[in-house]
Amino acid sequence: MCGITGYVGGRASSVRLVLDNLKRLEYRGYDSAGVAVVTPNSPTVTVMKKAGKLANLTGSLGDLAFASGAAIAHTRWATHGRPNDGNAHPHTDCSGRIALIHNGIIENYLDLKDDLLAQGHTFSSDTDTEVLVHLIEERLKTSDGLETALRSALASVTGAYSICVVSEMEPDVIYAAKTASPLIIGLGEGENFLASDIPAVMEYTRRVLVLEDGDFVKITPDQVTITTLEGAPLQRDVFAVTWDVSTASKGGYDHFMLKEIHEQPQTIRDTLRGRVSDTNQVMFPELKLSREQLLNFNRIVIVACGTAYHAGMVAKHFYEALLRRPVEVSVASEFRYSDPIVDQHTLAIIISQSGETADTLAALREAKVKGATTLAVVNVVGSSIAREADEVIYTYAGPEISVASTKAYTTQLVALYLVGLFIAEQENRLGPTVVSDYVELLKALPAQVAEVLKLGPEIKELAQGLSKSSSFFFLGRGFDYAVAMEAALKLKEVSYIHAEAYAAGEMKHGPLALVEPGVTVVCFATQSALYDKMLSNVKEITARDGGAVALVKEGDEGLDTRSVDSVLRIPSTHDWFMPILAIVPMQMLAYYIAAALGREIDQPRNLAKSVTVE
Ligand code: AGP
């Protein structure tokens, strides 16, 4: 996710100030950085930007390091266009009088860009962002000033943004606006600050306004004005920050893992954004795959590691049900040495959060050598897997800092569901009405995940007792089994308690011998067709004195605390989409058990975020 800082006020070297503040947002992840300042005498906008770490930029500033005046700075986490100098922010209009930084995605940028090109604008980047600054320039021709032009331009864009704009036309002003992406104002005396997150401004002020979606802001050294986009005045309460910097960078949460768990309603929305039409049909403007190519595939192989592999397990169940075509899921480290049966009639789907996992990258190369068409579902833009695959779908989860993957998994699932619906639609397996019904359910997921998150206090209490368990089993059937695998991985990696997932029907073929007091068995019962079978499996556990926790849909009458020790009830959707709702309480359970045991949650022992060795 991009980082934004801004400053208006009288301090010397505002450039250095906004870059220092930006450094405190490095935890958000980025691939390039840039700064713009409006030097006050004979106002001029000066911009400098560089790919790579902030140090690349600060090392190249020269005299600009000492410049004062309204300043904005940005770290870019690439979404549209490679991470290079030209695509870094700020972007400027043709005249160079306006500079803009942006966090988010302008969805209709291609249409806007065509119009602006026809109107004679020239572009110097591949980004969606640059379109907006040219649009402001265009609207200036028919507006009475920058503010009106900016409001008019924003009214024409769809998508998500927080933006900051400086211009030599109003040298002591920063304009800002926010929809889905975060933006705060730090209030000073004779100076004001803007930032994506509170830690950026904490050295200077602890008085903060947290902006809400739809806010339009004008800040000067002495004044902050907040209105709607249409100009109606708004009031935001001043928030007094009492956290330390480390807590603040985690959004007030104790760990990044918990923060990232709570980001999931938003990240799921971000994955869906731009992939669903007004009529609820699935669209992937980024895919070049033709209908003929899709019909040419007689099998799908899915290759990934760890959590991404578990997302692939869910996709296998979904694709086989929907597309009636064989789907094989392989662990990448096995796939690459297995002389896999793959040819030009194979669609190989490669899933990776980092896009750098060595085994997954090698598997991608192996699939390509054998003639498969490769489609990568990746989070990190411009990563090796994204670059080498024939087709890429980004999950837009934003940087995931906790080693234990949470929001990457649920966004991978959303992307994979969309791919399945897209293929089914292209092959005429599903009519528009059915697709629309499924899409409606996907669109409801963010609100449902937000409901699940409310189970936090209940799960925290449950975790206190369960942290004393010697071992865990996670049991499920079908989709639930796939989720059980991810739940077991989550628990073992952050709590260091032994945990295993089993297909529930397999327990009686051996592992049931291990069930005894002290062993906790978590039973998933979210799949209607398999529900009765699952009940029998639960009874097998409780009859052996194992502790049993059930995860069921709200309204389920079959399992209650007469039959198991604890029941977690989650909102209901189509069985296919239940994995997204079912994993969230398990992420929280793993987190709170690890917290109760005092583990190093964000960086568990022996593990790395990106595994770039075999
Ligand atoms: C999950 O919590 C782990 N961090 C790990 O299993 C991870 O999913 C795996 O290493 C794959 O990483 P990738 O998605 O970046 O390829």
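**Loops, packed helices and a ligand**

A: P90 is found in the loop between β4 (70–76) and β5 (91–92). Before we go on, please note that the model is predicted: local features need pLDDT of at least 70 and side-chain atom pairs 80 or more, while totals for chains, interfaces and linings use all residues. Residues are numbered from 1 along each chain, and side-chain values use heavy atoms, without hydrogens and water.

The peptide bond leading from H89 into P90 is cis, with omega near 0°. N280 is not a glycine, yet its phi is positive, at about 65°. Most residues other than glycine have a negative phi, and most peptide bonds are trans, so both spots are worth a look.

Now for the packing. Two packed helices are described by the angle between their axes and the distance between those axes. The axes are fitted to C-alpha atoms, and angles run from 0 to 180 degrees between N-to-C directions.

Start with helix α4 (residues 129–140) and helix α5 (residues 146–155), which pack at about 125° with axes 8 Å apart. The two are therefore oblique to each other (under 35 degrees is roughly parallel, over 145 roughly antiparallel, 65 to 115 roughly perpendicular, and the rest oblique). On the α4 side, the contact (heavy atoms within 4.5 Å) is made by L132, L135, I136, R139 and L140. The partners from α5 are L146, A149, L150, S152, A153 and L154.

Next, find helix α10 (residues 306–323) beside helix α14 (residues 407–426): their angle is about 25° and their axes are 9 Å apart. That makes α10 roughly parallel to α14. From α10, the contact takes in T307, A308, H310, A311, G312, V314, A315, F318, Y319, L322 and L323. From α14 come Y409, Q412, L413, L416, Y417, V419, G420, L421, I423 and A424.

Stay with α14, because its axis also comes within 10 Å of that of helix α19 (residues 578–596), crossing at roughly 175°, and α14 and α19 are therefore roughly antiparallel. Here Y409, T410, L413, V414 and Y417 of α14 meet P579, I580, I583 and Q587 of α19.

Finally, turn to the ligand. It has 14 residues around it, and S352, Q353, S354, T357 and E493 come nearest (a residue counts as near if a heavy atom lies within 4 Å). Several polar contacts (N or O atoms within 3.5 Å) can be picked out too. A nitrogen atom of the ligand is 2.7 Å from a polar backbone atom of V403. At S405, a polar backbone atom is 2.8 Å from an oxygen atom of the ligand. The side chain of K490 has an N or O atom 3.0 Å from a ligand oxygen atom.

Key: Helix = DSSP H or I, 4+ residues; strand = E, 2+ residues; numbered from the N terminus. Polar contact = N/O pair within 3.5 Å; in protein donor to acceptor, adjacent residues only side chain to side chain.
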